[in-house]
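Please look at the sequence and the structure shown here. The paragraphs that follow go through its ring contacts, its strands and its cores.

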Amino acid sequence: KDAPYNVPGDLWMLDLASGRRTPFTFSRNVYSPAVWSRDGRIAYSAGRLGDTIYAKAASGLDDEQVLLKEPGLRHYPTSWSRDGRLLLYHTENATSTGYDLWALSLSDRKPHLMLGEAFNEWAGVFSPDMRWVAYVSLEAGAAAVYVRPFRVSGQTGQPSLGEGKWHVSKGNWPQWRVDREIVFNTAPGGTEVFAAPVNKTGTA
C-alpha cells in the first residue's frame, strides 16, 4: 500500500555488540517505529490508534512524556530537528485532506501544519543541515519523494516550508544519508532501496 498502515505492538532495543534484546515499551499499543533525537530521546505514537505522541530517554530510565495528544487522530512521528526543538510527524485525517504533514514545537507543544493539501503527504524528514525537508506525496497519483526548503520565522519562530519543490523519484519512506543524498524504497514492502543525490540548489 502507498499510504502507511500499522498495527499496535511494542518497541524493543537491540544491543548490536551482544545481540541482546530488551523491551523499551510494555503497553502493546505503539503504532510507529522509534524516532531518535541527537540527545538520546525516542519519540513514538501510542494510545488509542496512536492518538498520542510520547518521548522517552533511550536509556529507558525515565518515564515516557506526553508531547501531543489529539483524540481521534492517528499520529506518526518521523524526524527530530538537529537542535531537538521540532518533531516532524504526519496525521491520518478523516477529512478529504487524508495524511497531513505537521511540525511540533517542543518548547510550547504547539503543532504547525506544514502540508495539508487534498492528497496524502507523509514521512517528512529533516536534512542534517536543516535546510530541507524530504517527504512523500500522492499528488502525481503514485507515491513519490519530494524535497522542499525548510525555514523558521525569525520573529515568530514558526516552522514552514519555503517556495520551490523538487521531485526526486517514485518512492516511499525517504531518509537523508548525508546532507545531499536521499535513500528511499520503491518496491512494495520496501524490498528495493535506492539513493538519489541532491545538488546545491535542491534538485535531484
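**Rings, strands and cores**

The charged end of R21 sits over the ring of W12, 5.3 Å from its centre. A charge sits over a ring when NZ of Lys or CZ of Arg is within 6 Å of the ring centre and within 35 degrees of the ring normal. This is a predicted model, in which local features need pLDDT of at least 70 and side-chain atom pairs count only at pLDDT 80 or more, while totals for chains, interfaces and linings use all residues. Residues are numbered from 1 along each chain as its sequence is written, and side-chain values use heavy atoms, with hydrogens and water left out.

Rings of Phe, Tyr and Trp (its six-membered ring) pair if their centres lie within 6.5 Å; planes under 30 degrees apart count as stacked, over 60 as edge-to-face and the rest as tilted. By this rule there are nine aromatic pairs. One of them is the tilted pair of Y76 and W173, at 5.4 Å centre to centre with 40° between the planes. Y76 belongs to strand β7 and W173 to strand β16 (residues 172-178), 97 residues apart. Strands here are DSSP runs (E, at least two residues), numbered from the N terminus. Y76 is buried, with a relative accessible area of 9%, whereas W173 is partly exposed at 28%. Buried means under 20% relative accessible area, exposed over 50%, and partly exposed in between (1.4 Å probe, protein chains only).

The rings of Y135 and Y146 have their centres 6.0 Å apart and their planes at 25°, so this pair is stacked. Y135 is buried at 1% relative accessibility, and Y146 is buried at 6%. K165 lies over the face of Y146, 5.7 Å from the ring centre.

T78 is placed in strand β7 (residues 74-80) and is buried, at 12% relative accessibility. A polar atom of the T78 side chain lies 2.6 Å from the backbone oxygen of G124.

Four strands form an open sheet in the order β3-β4-β5-β6, with antiparallel pairing. β3 (35-36) and β6 (65-69) are at the edges with a single partner strand each, so one side of each has no neighbour in the sheet. Two strands pair if DSSP finds at least two bridges between them; β5 (residues 52-57) and β6 pair over four bridges.

The largest nonpolar core has 17 residues, and W122, V147, V168, W176 and I182 have the most contacts inside it. Such a core is a set of buried Ala, Val, Leu, Ile, Met, Phe, Trp, Tyr and Cys residues joined through side-chain atoms within 4.5 Å. A second, separate core of 14 residues includes M130, V133, F150 and L161.

Methods. A polar contact is a pair of N or O atoms within 3.5 Å; within protein, one must be able to donate a hydrogen and the other to accept it, and residues adjacent in sequence count only if both atoms are side-chain atoms.
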